[in-house]
Amino acid sequence: MKAVILAGGRGTRLSEETGLRPKPMVEIGGRPILWHIMKIYAAHGITEFVLCLGYRGWQIKEYFLNYARLSSDLTVDLASGAVEMRRPASEPWKIHLIDTGEDTQTGGRLKRVGHLLRDDDAFCLTYGDGVGNVDITAAIAFHRAHGRAATVTAVVPPGRFGALERQGDRVAAFVEKPAGDGGTINGGFFVLSPAVLDRIAGDATVFEQEPLKGLARDGALCAYDHRGFWQPMDTLRDRDHLQALWDGGAAPWKIW
C-alpha cells in the first residue's frame with residue numbers, strides 16, 4: 001500500500017518558518033516533520049510514498065536526493081573527488097516526488113497523482129504537518145472491514161489554552177491545555193479507495209469540501225476513532241510544543 005502525503009501548501013500561519021522552506025520541512029528534533037510522518041507509516045509496514053509537492057517543492061526533492069549521504073559517515077578524497085559512504089544510514093523507502101503545482105488545492109493535488117493509485121485496492125492519505133500515534137494497521141483493517149469508499153481518522157482536537165479547574169467560585173487548580181469538549185475532527189490519516197478520485201473535479205477542488213462532504217452524504221465515509229496522541233503543527237507554538245516533547249524523550253508519535 002502507498003501513503004500519499006500532501007506536502008505542497010505554504011503554511012502561512014507558520015510564516016516564521018515557512019518564509020524560507022515548505023511547511024513539511026520544518027524540523028522537529030533536527031528532522032523535517034515530513035520525515036516523522038513517513039517514519040510513522042513505515043512502522044506499520046508502509047514504505048512507498050507519494051509526496052504531493054508545491055511551494056518550494058525543490059527543497060523536498062533536494063532533501064531526499066541527498067538523504068543517504070547526509071545521513072551517513074563519509075570519507076572524501078579531495079585529490080580524486082571520490083566519496084565513500086561509511087556506515088550508510090538509509091531507509092527502505094520508495095518515494096515518488098510529484099510536482100502538483102504551487103496553487104493547487106488539496107483535492108487537486110490528490111487528483112494529479114491519481115495515475116499512481118488507480119490500480120491499488122486502497123491507499124493512505126494524510127497531511128504533511130501533523131503527527132500522532134495512530135494505529136494505521138488497525139485503521140486499514142477497519143477500512144477493509146466496512147467496505148465503504150473512505151475512512152477518516154477522527155481525533156479530539158488538542159486544547160489551545162489553559163483552563164481553570166473550579167469548585168464553585170473557588171479556583172482549585174490550573175489545567176494545562178485541556179482537550180476539547182469531546183467532539184471529534186478530521187485528523188487526516190485517511191484510508192481511501194481509488195474511486196474517491198472520481199469525485200475530484202480538478203486543481204481548484206478542496207478535498208475537505210465537496211469530495212468529503214459528498215462521501216458523507218452518500219454514506220460512503222466512515223470514521224476510525226483515535227483517542228491517543230495527535231497534534232498538528234499549525235503555529236510556532238505547536239512547533240515548540242512538539243520540539244519540547246521530542247527533547248524530553250516523551251514524543252508519543254515516536255513508535256519506531
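**Cavity lining and salt bridges**

Helix H6 (136–146) and strand E14 each supply at least two residues of the lining of the largest cavity. Helices (H or I, at least four residues) and strands (E, at least two) are DSSP runs, numbered from the N terminus. The model is predicted: local features need pLDDT of at least 70, side-chain atom pairs count only at pLDDT 80 or more, and totals for chains, interfaces and linings use all residues. Residues are numbered from 1 along each chain as its sequence is written, and side-chain values use heavy atoms, with hydrogens and water left out.

Rolling a probe the size of a water molecule over the atoms shows where empty space is left. A cavity is a set of points, on a 1 Å grid over the protein atoms alone, where a 1.4 Å probe fits but cannot get out. Grid points are joined across faces, edges and corners, and a volume is the space filled by probe spheres set on the points. The search of the whole structure finds 1 cavity of 30 Å³ or more. About 30 Å³ of space lies in the largest cavity. Lining residues have an atom within 4 Å of a point. They are Tyr41, Cys124, Val134, Ile136, Ala139, Thr153, Phe189, Phe190 and Val191. By class, 8 are nonpolar, 1 is polar and none is charged. Here Ala, Val, Leu, Ile, Met, Phe, Trp, Tyr, Cys and Pro count as nonpolar, Asp, Glu, Lys and Arg as charged, and the others, Gly among them, as polar.

The whole structure holds 14 salt bridges. In each, a side-chain nitrogen of Lys or Arg lies within 4 Å of a carboxyl oxygen of Asp or Glu. One of them joins Glu91 to Lys39, with the closest N and O atoms 3.3 Å apart. Glu91 lies in the loop between strand E6 (83–86) and strand E7 (94–99), and Lys39 in helix H2 (residues 33–43), so the pair ties together parts that are 52 residues apart in sequence. Lys39 is buried, at 14% relative accessibility. Glu91 is partly exposed, at 21%. Buried means under 20% relative accessible area, exposed over 50%, and partly exposed in between (1.4 Å probe, protein chains only).

Asp218 pairs with Arg199, the closest N and O atoms being 3.0 Å apart. This pair links distant parts of the chain, 19 residues apart. Arg199 is partly exposed, at 33% relative accessibility.

In a further salt bridge, Arg217 and Glu210 have their closest N and O atoms 2.7 Å apart. Arg217 is exposed, at 57%, and Glu210 is partly exposed, at 46%. Elsewhere, shared partners join Arg10, Glu102 and Asp103 into one salt-bridge network.

How values were computed. On a 1 Å grid over the protein atoms alone, a cavity is a set of points where a 1.4 Å probe fits but cannot get out, and a pocket is an open set with protein on both sides within 12 Å along at least five of seven lines; lining residues have an atom within 4 Å of a point.
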